Amino acid sequence: MKKTKAPYFFIAPALILLLLFSIIPIFVALLISFTDMSLVGLADWSKINFTIFENYKEIAADPVFWQSIKNTLFYVILGVPLIIVLSMLLALAINYGDNKIFLLFRIIFYTPAITNVVAVAIVFSYLYNADFGFLNYLLSLFNMDHVPWLNDPVTAKVSMVILGVWRAVGANMLIFLAALQGIPKELNEAASLDGANRFKQIWHITLPSLSFSIFFVTVTTLIGWLQFFEEPFVMTKGGPLDGTTSIALFIYRNGFQYSKFGYAAAGSFILFIAIIVITMIQFRIQKKNEEVGF
């Protein structure tokens, strides 16, 4: 009996934290989403009224919410593939590079991942400044027009993606690098003896061996971009014209700036369902790939 109970004692702290800070808040947010809770309701619970699906009806008719969905899809469609491709290319270059400088590259590319996101966002705000930013200064040296990095809705979203990719590439690079170093060298040596060049080795041996790592990076990166918040919050506050407002920023704005907790909870639960559905689809695709032997 002691042996069977011992594992549960070890995982109990993690399960308790998961219950307190993940599972219970999900159900609390679901309950709040059916109410008109605000600051007044927090002070006096008797003033909280159940509105059933009114928050969901209102949010479905909110043009800012639909704009935030479009912005988030823009971030996901542009940012996720860039991160996966760039981090994999960097990992391949470092893994197969013979020069010792590639060891230094690990630190150089990983450093942005451990840098404070708020500090980085503030620095990039100055770099992106349309009047005296360093990037436009470089463009002026080549007699090129200034770019409205944060003043145009589309350009501002691209600027957000550039910063997000810069921060995320290093961490995913290490994941791919660890997976690459786990591939038996005998496979590449045997392929080399059979006349396969480096490209064929990567295509027929390396990439299939990285299938689970690619799946893991895709899932975690996609979830991260669906929750994209810090960069637009610090740099643009969602502007211009809500052009950079993500779903997470929309939820924060309604909950903590407008004190519409029920409305914000409805938005957060919609985001939660979207993340669950997209993750399940990815698991299903990965299962099919495993069944066909990819």
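Modeller: Axes are lines fitted to C-alpha atoms, for helices over the stretch in contact, and angles between N-to-C directions run from 0 to 180 degrees. This is a predicted model, in which local features need pLDDT of at least 70, side-chain atom pairs count only at pLDDT 80 or more, and totals for chains, interfaces and linings use all residues.

Biologist: At roughly what angle do the axes of H8 and helix H11 cross?

Modeller: Helices (H or I, at least four residues) and strands (E, at least two) are DSSP runs, numbered from the N terminus. H11 covers residues 211–226, and its axis comes within 11 Å of that of H8, the crossing angle being roughly 155°.

Biologist: Are H8 and H11 roughly parallel or roughly antiparallel?

Modeller: Angles under 35 degrees count as roughly parallel, over 145 as roughly antiparallel, 65 to 115 as roughly perpendicular, and the rest as oblique. The axes of H8 and H11 cross at roughly 155°. The two helices, H8 and H11, are therefore roughly antiparallel.

Biologist: How many nonpolar residues are in the contact of H8 with H11?

Modeller: Contact means heavy atoms within 4.5 Å, and residues including Val161 and Phe176 in H8 meet residues of H11, among them Phe216 and Trp225. Ala, Val, Leu, Ile, Met, Phe, Trp, Tyr, Cys and Pro count as nonpolar, Asp, Glu, Lys and Arg as charged, and the others, Gly among them, as polar. No charged residues take part; 4 are polar, and the nonpolar number 10.

Biologist: With which residue does Arg167 form a salt bridge?

Modeller: A salt bridge is a side-chain nitrogen of Lys or Arg within 4 Å of a carboxyl oxygen of Asp or Glu. For Arg167 the closest N and O atoms are 3.5 Å apart, and the partner is Glu231.

Biologist: Which parts does the pair of Arg167 and Glu231 tie together?

Modeller: Both residues, Arg167 and Glu231, are buried (under 20% relative accessible area; exposed is over 50%, partly exposed in between, with a 1.4 Å probe and protein chains only). Their parts are 64 residues apart in sequence, so the pair ties together helix H8 (residues 153–181) and helix H12 (residues 230–235).

Biologist: Is Arg253 buried or exposed?

Modeller: The side chain of Arg253 meets Asp242 in a salt bridge of 3.1 Å, N to O. Asp242 is partly exposed at 25%. Arg253 has 10% relative accessibility, so this residue counts as buried.

Key:
Residues are numbered from 1 along each chain as its sequence is written. Side-chain values use heavy atoms; hydrogens and water are left out.
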